[in-house]
Structures are given as C-alpha cells and as structure tokens.
Amino acid sequence: MAVSSVSSDDQGFRRVRPLHLVKDPKVVGGWRASSAAFEDDSDGASMSVYLRSIVLDIGLTDKDVVAGKETKWAVAAIPIQVLVEEEQVVEPDPIVNALVSHPCDPAHALVNGVKKPKTRRERISKASPLVFIVP
C-alpha cells in the first residue's frame, strides 16, 4: 500500500471533460466518468485533483472545481483510500502565482503512480461517482 500525506478519509475532486462522460443507466444521475478521465496528463504530468477537505475549508463546493467550464464538464469524487490501495501517492500541490488563477488552486494535489488501464477501469472509475455536471 502506498503512503500518502493526505488523509485516506479525504476525497479528490477530479475535473472530467465532456469527452469522458459516459451515459450509464445503472448509476445515479445516468452518467459516469470513463476510465480515461483518470489518466495522467498527456504531457506526462501526474493526474491532478482538488482535495475536498481544503475546497470546503476555503468556503467552496464541488461546483467550484469546474468554475468557468462549459456545459457537460463534471466533477468526480475519488476516495483517497481507493487511490492509496492502488499504489497511488497523493501529495498536496497548491498552485500559487498562476498566470490565470482558479478559486480552488489552494486545494490542488497530484496523484503520483502508475495508473494501469485495468486499475482505472475496475477500481478508480467505479469508486468515483460524479457529484456535479455543468448544466
């Protein structure tokens, strides 16, 4: 099991692009995130999330994670415990002095580790319900 400096009781809010939304009548709300939503960035950077505990501490909500995004962007809530069980290391990475700031920047974190397709499909995406979709 991986060791993370983030509490395993926390969640990571992951922004989900409209391209990665899948219609699924078996889940509440009828939509889920595809496993591709939980890949590392195409430039090789680790997957990023916003830590729920910090988002709430700074007076924001899950909806603020997709502030400024267009229709059909969504937010998935990933249990940190699931990431740790899958050998992912979650480390706070607050964004400071960005050219374009985002309200959730203080809650930014990186999810480091190999995210195999089977792990993303069978564990991470299944454990990460959508908590908000931009109407």
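Where does K72 lie? K72 sits in the loop between helix 1 and strand 5. Before going further, please keep in mind that this is a predicted model. Back to K72: its phi is positive, about 80 degrees, although K72 is not a glycine. Its relative accessibility is 35%, so K72 counts as partly exposed.

A67 is in the loop between helix 1, residues 52-57, and strand 5, residues 74-79. Setting aside neighbours up to four places away in sequence, A67 has contacts with H102 and P103. W31 is 36 residues from A67 along the chain, and the two C-alpha atoms are 20 Å apart.

While we are on side chains, K69 lies over the face of W73, and the distance to the ring centre is 4.4 Å. As for aromatic pairs, the structure holds 0.

There is another positive phi to point out. E87 has a phi near 65 degrees, and E87 is not a glycine either. You will find E87 in the loop between helix 2, residues 80-85, and strand 6. With 45% relative accessibility, E87 is partly exposed.

In what order do the strands of the open sheet run? There are 6 strands, and the order is 6-7-4-1-5-8, with antiparallel pairing. Strand 6, residues 89-92, and strand 8 are at the edges; each has a single partner strand, so one side of each has no neighbour in the sheet. From one strand to the next, the twist averages 35 degrees.

Let me take strand 7 and its partners. Strand 4, residues 47-51, pairs with strand 7 over 4 bridges in the antiparallel sense. On the other pairing, strand 6 is joined to strand 7 by 4 bridges, and these strands are antiparallel as well.

Which residue of strand 7 is the bridge partner of S48? That is L110. L110 is also the bridge partner of E91. M47, for its part, has V111 of strand 7 as its bridge partner.

L110 belongs to strand 7, which covers residues 108-112. Is L110 buried or partly exposed? Its relative accessibility is 24%, so L110 counts as partly exposed; the cut-off for buried is under 20%. Leaving out residues up to four places away in sequence, L110 touches S46, M47, S48, V89, V90, E91 and D93. That list includes both of the bridge partners I mentioned, S48 and E91. By contrast, E122 is 12 residues from L110 in sequence, and their C-alpha atoms are 21 Å apart.

Next, the loop between strand 3 and strand 4, where I have picked out two residues. S34 lies in this loop, and strand 3 covers residues 31-33. S34 has 14% relative accessibility and therefore counts as buried. Its contacts, not counting residues up to four places away in sequence, are H20, V22 and S125.

D41 is in that loop too. D41 is partly exposed, because its relative accessibility is 33%. Beyond four places in sequence, D41 touches R14 and S46. N97 is 56 residues from D41 in sequence and 21 Å from it in space, C-alpha to C-alpha.

The contact between S34 and S125 takes us to the last stop. Where is S125? S125 lies in the loop between helix 3, residues 117-124, and strand 8, residues 130-133. S125 is buried, since its relative accessible area is 12%. Apart from neighbours within four places in sequence, S125 is in contact with A33, S34, S35, F38 and R120. There is also a polar contact: a polar atom of the S125 side chain is 3.0 Å from the backbone oxygen of R121.

Conventions: Residues numbered from 1 in each chain as written. Predicted model: local features only at pLDDT ≥ 70, side-chain atom pairs only at ≥ 80, totals over all residues. Heavy atoms only, no water. Buried < 20%, exposed > 50% of the residue type's maximum accessible area, 1.4 Å probe, protein only. Polar contact = N/O pair within 3.5 Å; in protein donor to acceptor, adjacent residues only side chain to side chain. Contact = heavy atoms within 4.5 Å. Pairing = 2+ DSSP bridges. Axes fitted to C-alpha atoms, helices over the stretch in contact; angles between N-to-C directions. Phe/Tyr/Trp six-rings, centres within 6.5 Å; stacked < 30°, edge-to-face > 60°. Lys NZ or Arg CZ within 6 Å of the ring centre and 35° of its normal.
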